[in-house]
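The sequence and structure are shown first.

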Number of protein chains: 2
Amino acid sequence: MADYRAPRDDMDFVLHDVFNVTADWQKSDMLADMMDQDTASAILDEAAKVAEQLIAPVSRQADEEGVTFNGGEVTTPAAYKENFRQLAEGGWVGVTANPDFGGMGLPKSLSAQYEEMLCSADVAFSLYPGLTSGAIMTLDLHASEDIKQTYLEKMVQGEWTGTMCLTEPHAGTDLGIIKTKAEPQGDDSYLISGTKIFITGGEHDLVDNIVHLVLAKLPDAPAGTKGISLFVVPKYLVNEDGSVGERNAVSCGSIEHKMGIHGSATCVMNFDAARGWMVGEPNRGLAAMFTMMNYERLGVGIQGLGTAERSYQNALEYAKDRIQGRGAKATRDMNAAADPLLVHGDIRRMLLTMKSLTEGGRAFSTWVGQQLDRAKYGESEEVKQRADAMVALLTPVAKAFLTDTGLESTIHGQQIFGGHGYVREWGQEQLIRDTRIAQIYEGTNGIQALDLLGRKVVGSNGQLLHPFVAEIREFIEQASSDVWSTQFNQLANAISDLERVTSQIIERAQSDENQVNSVAVEYLHLVGYIAYAYLWLRMALVAETKQDERPYLASKIKTARFYFARMLPRIASLISAIEDGSESLYLHDDEDF
Amino acid sequence: MADYRAPRDDMDFVLHDVFNVTADWQKSDMLADMMDQDTASAILDEAAKVAEQLIAPVSRQADEEGVTFNGGEVTTPAAYKENFRQLAEGGWVGVTANPDFGGMGLPKSLSAQYEEMLCSADVAFSLYPGLTSGAIMTLDLHASEDIKQTYLEKMVQGEWTGTMCLTEPHAGTDLGIIKTKAEPQGDDSYLISGTKIFITGGEHDLVDNIVHLVLAKLPDAPAGTKGISLFVVPKYLVNEDGSVGERNAVSCGSIEHKMGIHGSATCVMNFDAARGWMVGEPNRGLAAMFTMMNYERLGVGIQGLGTAERSYQNALEYAKDRIQGRGAKATRDMNAAADPLLVHGDIRRMLLTMKSLTEGGRAFSTWVGQQLDRAKYGESEEVKQRADAMVALLTPVAKAFLTDTGLESTIHGQQIFGGHGYVREWGQEQLIRDTRIAQIYEGTNGIQALDLLGRKVVGSNGQLLHPFVAEIREFIEQASSDVWSTQFNQLANAISDLERVTSQIIERAQSDENQVNSVAVEYLHLVGYIAYAYLWLRMALVAETKQDERPYLASKIKTARFYFARMLPRIASLISAIEDGSESLYLHDDEDF
């Protein structure tokens, strides 16, 4: 496997040349003092070192070792404990956390780059700090001051880790039917009883304590999702002085044997009247959890991006080194036995598909990160609200499209290796196994599509799509480029198509309950390809103005042309499927399947 | 995991109702006496029992055990040895073999069904008899009488197995650069020296002897693919009386640790002046090997089909059992906590995608099998030649399209399971890992596409496409159905599109050496989707005439409608990519990647 090299140049290009994030930071009281381009670069350079030198080199070995379960204890791969300690010492567990509790407080546009590097290095490892970071945010936003004081500093320092305990054996997507109970004890504590499954990092040997965030129902809770509360349940109770105290009645019953992310412990967690404390309001737990999940969903999308980048780097090195077959005459070295794979059209098709999706994906994740930052730090309510609307629209796209295209990319990356891609030692097949889960967990990509089309677009009668469409239309109107007129036309047509099918779906959904969920996945992909097209054109125009000083940007312009020639046309089939609607999906009776 | 149930009804429908294979058999001297519909059904019923009761139940466990390597010896999963013995005793190793040597001599249209069942049951296990079957055919077609007498009966009886030794560390796709040498010994034997990799079943503990078919170069051989000869090299030399004699100088150096097919031994084989005998003519070894590989490539395609069918059966059972979320009001059981997954549009989309690709794939593999049978047993030279041309055209499509859609189907099948699909015990993720190799080995799917578009279509100046186009056009002209007029129009338009882009490619290829390999994969998929559309329409029309007597055929008609509504429109994007040609793939210099 090629050594992982963080794509720092491309990250800087996207952050500063394309999105000019420093201009945003300067408008924010909170960020203006702490963050400028030099600081950002220094932070990302350090992050790159951690990813390249500490984490990435052991990812292959960690996959082979996996996690092991023995009498309730979980052992992680040998290198993880020391690596996690170093990560924590460097402050990387609290990279997005509130500075009041010792966090770095990085804006999301920046931390998205760090997350990408960590996911390229080792998705399985990245989940331990990743879930902790999510739990920190939830507590910071929703917990009482007392709870924050008890847990946050330790978590931010990476001395303790966090989990999210949602899923139960019978309740995955449908959290309304969970059974875990919380009995009030008269003081401010509750006794939590139930079984949670698929709990990432539910038990492990990396740190001294694990802080579980658990969804459960109060005795008098209403049925469904409006009767769910959130509790913090530590593995070890915390003493008055902040030290780790007696063991709580929470234990790991077993771990899952999975397709990939072998280094990540996926646990069945048993809560046997474990002591917990409520986070936020009674029966409002799901809302609290979703505040965080929305923020984290971009992070899951970035798992797809990170694995795709790693796969691309490996595949490119292989395509340059491996000689096999003859290309067109012009490219031949007639002294060699054969030409490098890179000369062959089909290899280039796969590489450029990966490259255009990965660089497009990086631009997309950074764009969504910028919107999240504006929603949080924006200089006015108007800016915040506009960004909030974009975040609501684009979050499910980021989660699902980055991971769907991540899988596609890693499959191409494996294919380029031929038979060697199927052999574990080369690492390409691991990336497929590791990235596949990102399409499934934190809400399956089908659920993301339903969220986008049902709750967001149709739910707002199309209103939530407007800022997205308006931004792209504005870009098309303002830009003038003869060189790119074909691509501008393609983008304009795609936006018109999007508006047309959106109206059609909203119209049809009034009389057809099955409409939305019958076309939602194709709709999400349509939005994804259009968003990437918009970003590729933005990148190409910026690259044109800067390629004299940075010749490597010539590549951007070429990849943009590839994207419009070979990738964007995929929307034709998506539009056709959307226009077909639900009818052909509901012809079959149960026994016809 | 659901118990595997062989889709016997659908196989009979395809064989007899759609393709009326018995009419073909009756026209053949060789087949007329031995095969009729009742015999065929009895054979497939027995095959179904073997697959369902013997092989399928241990596939999950065999994946966990895998093969182990110890000092040159390879141990297969515990159940494999006895299962292989029973398979051999039932005559299933020699299912397609020449009856002169004890084979069943089944026509391919029939054996394709057996192969599908075996692949659904356990792809890894299926490779041991599968490769043996290929080696048998190669020897039967090309070896001297002496060699045939020495090896064939034992192989047909499954007492010995066979391998194909092509790939070397530096030579995968590009066999012209192999280095393995064959030194003539003055008698009729040669000493073979070299290293072969990725040798399926190169070493194992199932049988007493392994018969390797090895590509190697004679001392005076010309360079490239025209200097390759084929040799038979047994693990143990065979005594005059046919018994196993002394060990030959061939040994297994190691085995690969792979993404999937863990029960299949993938070996590095070292030939250290091992004794071998030439098969066929000097320097014509590649042609001999390809005779067989063409026949076997359908078999590899069927691996994709078989895994897709298994994944569908599992996913369907899960979608009916698992309750999660609420569907449209009309489908609700308000007494239950939630509705079965099956009510949800996106679940139905995935299931019907799988179903339409799998049943379409079964029709396609049977159709190609019928063409192979006509090429071999046809009643006239004209029939044989026409079938030969269809085989040449459709073989790469069968190999690549059945496996590409096989991967897509198994991914949907995993997605339907949500998080459980990622956990090994449910079996869905294994099917992805097991099917993935079929897109890579026996010529990657990119190479299949190059074979189809480059060697076959462009190489014949489009002639080889004519029988395919003519058959579909004839079908369109003869059929008259108001009910299906939309679909007939879609098909007619698709055929016109195919002809148009074919002419365009041929034209462009005259001045652009990169043209073919830049659009070959999309072209192959285009042919695949059109072939399935043709077959779906044929199936629908047949089902309409027979659904009164067999009500389950109503499902065929519905699935055909789904295929035309949601699957065939995928060609719009393929056509667009093809029309773009090679330009956007060749903008990048090496350093731009």
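Predicted model: local features only at pLDDT ≥ 70, side-chain atom pairs only at ≥ 80, totals over all residues.

## Annotated regions of chain A

Helices (H or I, at least four residues) and strands (E, at least two) are taken as DSSP runs, numbered from the N terminus. For chain A, an unreviewed UniProt entry lists "domain: Acyl-CoA oxidase/dehydrogenase middle" over residues 164-272. Over residues 164-272 of chain A, the chain is 48% strand and 0% helix, with 17 Å between the end C-alpha atoms.

The UniProt entry, which is unreviewed, also gives "domain: Acetyl-CoA dehydrogenase-like C-terminal" for residues 468-585 of chain A. Over residues 468-585 of chain A, the chain is 78% helix and 0% strand, and its end C-alpha atoms lie 30 Å apart.

## Helix 4 of chain B

Helix 4 of chain B comprises 19 residues (residues 37-55); at 1.5 Å a residue it should span 27 Å, which agrees with the 25 Å between its end C-alpha atoms. At the start of helix 4 of chain B, the backbone nitrogen of B:Asp38 has a side-chain oxygen of B:Asp36 within 3.3 Å.

The buried residues of this helix include B:Ile43, B:Leu44, B:Val50, B:Glu52 and B:Leu54. Among the elements against which the buried residues of helix 4 of chain B pack are helix 1 (8-18) and helix 7 (108-142) of chain B.

## Interface of chain B and chain A

In the interface, 93 residues of chain B contact 93 residues of chain A. About 7,700 Å² is buried between chain B and chain A, with carbon and sulfur atoms giving 54% of that area. In chain B, the residues losing the most area to chain A are B:Tyr422, B:Arg566 and B:Phe593, together 12% of what that side buries.

Across the interface of chain B and chain A there are 67 residue pairs in polar contact and eight salt bridges. B:Arg561 forms a salt bridge with A:Glu583, in which the closest N and O atoms are 3.0 Å apart.

Conventions. Residues numbered from 1 in each chain as written. Chains lettered and ligands numbered in written order. Heavy atoms only, no water. UniProt positions renumbered as here; feature names shortened; annotations may be inferred. Expected span 1.5 Å × (residues − 1). Buried < 20%, exposed > 50% of the residue type's maximum accessible area, 1.4 Å probe, protein only. Contact = heavy atoms within 4.5 Å. Polar contact = N/O pair within 3.5 Å; in protein donor to acceptor, adjacent residues only side chain to side chain. Buried area = accessible area lost by both parts, 1.4 Å probe. Salt bridge = Lys/Arg side-chain N within 4 Å of Asp/Glu carboxyl O.
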